[in-house]
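These are my notebook entries on what I looked up in this structure. I went through charged pairs, aromatic rings, backbone angles and the surface in turn.

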Amino acid sequence: MKGRMLIGVLALLVAGSLRAQQNPPKVAVGGGSPDDRASARLLYWNVPANAAAGQLAINYGRPVWRKEYEDTAKFDAMTKGQVWRMGSNFWSNLYADVPATIGGKSIAPGFYFVGLQRSADGGSWSLAFIDPVKVRKKRIDAFDIHKASVGFTAPMTMEAGSSDAVEKLTITLSPSESDIRTGTLKVAWGHLALSAPVYVAAPE
């Protein structure tokens, strides 16, 4: 009797497993664990008022450079004529609470998703700005950045990359010594090195 019951239970389990294989779930879930993210920002402080006077910040995930990216043909296939997510996992984003310019392009105060756009001929790169509201409506993940519409771009200048590959994506915002409202945005990953002048219209 017990043997027949055990066989019946096993048969039900096998049948359930087969049904699950025939009808896999339409939606799966990933993530949950903390990832490697970084933030670069210019924070302006009103000393007499002891309060913030404005800031510009970029937040991003830090993908690791892979040896195979040093194959020029492979790297070009990944980037030429495309928008690269400039990060990993959740969207890289830019926050500004005062007007700013990057590469001479005016940036209104706001919150933007950002990526890097490379020209089809590979000769130029730009910081690509994407409207998060439009992304949210379509539920686009940064992995599918090519499905998002680029609102506008800010040109970046290619620099001589390091002979030693920069292991993790590194983005910096550095103020100049002569005028703290001006500075430089730099993006370094592997042998790729880009920069753009920055101006932040922080109140004096």
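I began with Arg-118 and Asp-76, and I find that both residues are buried. I am working on a predicted model, and in it the two side chains form a salt bridge whose closest N and O atoms are 2.9 Å apart. I placed Arg-118 in strand 7 and Asp-76 in helix 2, so that the bridge links distant parts of the chain, 42 residues apart. I also noted that Lys-80 belongs with Asp-76 and Arg-118 to a network of salt bridges.

How many salt bridges does the structure hold? I looked this up and the count is six. I recorded a second one between Asp-36 and Lys-168, at 2.7 Å from N to O. Asp-36 is in the loop between helix 1 (2–22) and strand 1, while Lys-168 is in strand 10 (residues 166–175), so this pair ties together parts that are 132 residues apart in sequence. I list Asp-36 as partly exposed, because its relative accessibility is 32%, and Lys-168 is likewise partly exposed, with a relative accessible area of 28%.

I then turned to Glu-70 and Lys-67, whose side chains meet in a salt bridge at 3.5 Å, N to O.

My next entry concerns aromatic rings, for which a search of the whole structure gave 12 pairs. One of them is Trp-65 with Trp-189, an edge-to-face pair that I noted at 5.0 Å centre to centre, with 85 degrees between the planes. Trp-65 sits in the loop between strand 2 (51–61) and helix 2 (72–79), and Trp-189 sits in strand 11 (residues 182–190), so the pair ties together parts that are 124 residues apart in sequence. I count Trp-65 as buried because its relative accessibility is 11%, and Trp-189 as buried because its value is 4%.

I looked next at Trp-91 and Phe-113, whose ring centres are 4.7 Å apart and whose planes are at 10 degrees, so I wrote this pair down as stacked. Trp-91 is in the loop between strand 3 (83–84) and strand 4 (93–96) and Phe-113 is in strand 7 (residues 110–118), which again links distant parts of the chain, here 22 residues apart. Trp-91 and Phe-113 are both buried.

Asn-50 has a positive phi, near 50 degrees, although Asn-50 is a residue other than glycine, and I located Asn-50 in the loop between strand 1 (37–46) and strand 2. At 56% relative accessibility, Asn-50 counts as exposed. Arg-139, also not a glycine, has a positive phi of about 55 degrees, lies in the loop between helix 3 and strand 9 (150–158), and is exposed, with a relative accessible area of 78%.

My last entry is on surface charge, where I found a positive patch formed by Lys-134, Arg-136, Lys-137 and Lys-138. Lys-138 lies in helix 3 (residues 132–138), and I list Lys-138 as exposed because its relative accessibility is 61%.

Definitions and conventions:
Residues numbered from 1 in each chain as written. Predicted model: local features only at pLDDT ≥ 70, side-chain atom pairs only at ≥ 80, totals over all residues. Heavy atoms only, no water. Patch = residues over 30% accessible without salt bridge, like charges linked within 9 Å, V, L, I, M, F, W, Y side chains within 5 Å. Areas by Shrake-Rupley, 256 points an atom, 1.4 Å probe, with all protein chains shown as cover. Salt bridge = Lys/Arg side-chain N within 4 Å of Asp/Glu carboxyl O. Lys, Arg positive; Asp, Glu negative; His and termini not counted. Charge placed at Lys NZ, Arg CZ, Asp CG, Glu CD. Helix = DSSP H or I, 4+ residues; strand = E, 2+ residues; numbered from the N terminus. Buried < 20%, exposed > 50% of the residue type's maximum accessible area, 1.4 Å probe, protein only. Phe/Tyr/Trp six-rings, centres within 6.5 Å; stacked < 30°, edge-to-face > 60°.
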